[in-house]
Amino acid sequence: MLTKKQRDLLILIHERMTAGEIAPSFDEMKDALGLKSKSGIHRLITALVERGYLERLPHRARALEVKKLPEGYHPKSGDTSLAARTSQAIDSVIGEISQGLQQIPLYGKIAAGTPIEAIRNEGDMFEMPTALLGVGEFYALKVEGDSMIKAGIHDKDIVIIKRTETVRDGEIAVALVDGEEVTLKRLQRKDGQVILHPENDDYEPRTFSSDRVQIQGQLATLYRSYR
């Protein structure tokens with residue numbers, strides 16, 4: 001069981017961070033709890049860490065993470081605190097987003113020698129909030145390789161592609177070369193030719209006559225999992 005001071009400090013930290021702020025400073029904690037020195041705050045935080053209520057995050061100032069809350073703590077009904085209002089707003093936004101998800105067909109990996117329609121995995125779908133996509137028809141692709149890494153597109157990322165047959169110079173597009181090879185590159189047109197630029201100094205741009213390149217989509221956004 002927590003002491004009253006430990007409980008009060010834990011709730012203070014939780015409500016400040018729930019409101020989207022960083023943890024309060026030691027001076028703010030000291031004043032809020034009516035303590036005379038910051039050493040008392042050090043002892044309280046250490047006790048909360050040892051009991052598994054808090055975790056210190058290394059290499060960051062004021063970096064605390066609340067792992068669990070004290071028993072019996074619940075925001076009061078009608079609570080108008082900033083923390084409570086923020087929590088309610090977040091719940092509302094999540095609800096709206098969950099009602100506005102768009103089902104996008106998930107294709108396979110972009111791989112040489114494979115037309116885009118041939119790598120579709122029937123039945124595989126990927127969900128994205130409609131608000132993040134805008135108007136249009138979209139599909140998702142799994143990225144294989146590091147040729148676009150300087151554009152922030154990494155191996156195993158899922159890119160969301162807006163289906164289109166035209167893009168402006170400098171945009172990242174899905175291009176079908178010679179009706180066989182699908183690639184994701186930054187596109188440039190020059191003197192009747194199409195140049196497909198990688199975003200990695202280890203790869204060279206490739207140039208084709210315009211009749212050999214068919215645009216199949218434009219990069220809209222991407223999804224990355226850190227698991």
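Me: Hi! Which residues of α1 are buried?
Reply: In this predicted model, the buried ones in α1 are Gln6, Leu9, Leu10, Ile11, Ile13 and His14.

Me: And what covers them?
Reply: The cover includes the helices α2 (26-33) and α3 (38-50), along with the strands β1 (54-56) and β2 (64-66).

Me: How many residues does α1 have, and how far does it reach?
Reply: Helix α1 runs over residues 4-18, so to speak for 15 residues, and spans 21 Å from first C-alpha to last. That is close to the 21 Å expected at 1.5 Å a residue.

Me: Back to Leu9, what is it in contact with?
Reply: Setting aside neighbours within four places in sequence, Leu9 is in contact with Met29, Leu33, Leu44, Ile45 and Leu48.

Me: Which members of the largest nonpolar core touch the most other members?
Reply: Leu9, Ile13, Met29, Ile45 and Leu48 do, out of 14 residues in that core. Helices α1, α2 and α3 each supply at least two residues of this core, and α3 gives the most, with 4 residues.

Me: What does the second core include?
Reply: That separate core has 13 residues, and among them are Tyr107, Met148, Ile153 and Val159.

Me: Changing topic: where does Ala175 lie, and is it buried or exposed?
Reply: Ala175 lies in strand β7, residues 172-177. It counts as buried because its relative accessibility is 1%, and the cut-off for buried is under 20%.

Me: What does Ala175 touch?
Reply: Not counting residues up to four places away in sequence, Ala175 touches Glu181, Val182, Thr183, Leu196, Val213, Gln214 and Ile215. Ala175 and Leu196 are 21 residues apart in sequence, and their C-alpha atoms are 8.5 Å apart in space.

Key: Residues are numbered from 1 along each chain as its sequence is written. This is a predicted model: local features need pLDDT of at least 70, side-chain atom pairs count only at pLDDT 80 or more; totals for chains, interfaces and linings use all residues. Side-chain values use heavy atoms; hydrogens and water are left out. The expected span of a helix is 1.5 Å times one less than its number of residues. Buried means under 20% relative accessible area, exposed over 50%, partly exposed in between (1.4 Å probe, protein chains only). Contact means heavy atoms within 4.5 Å. A nonpolar core is a set of buried Ala, Val, Leu, Ile, Met, Phe, Trp, Tyr and Cys residues joined through side-chain atoms within 4.5 Å.
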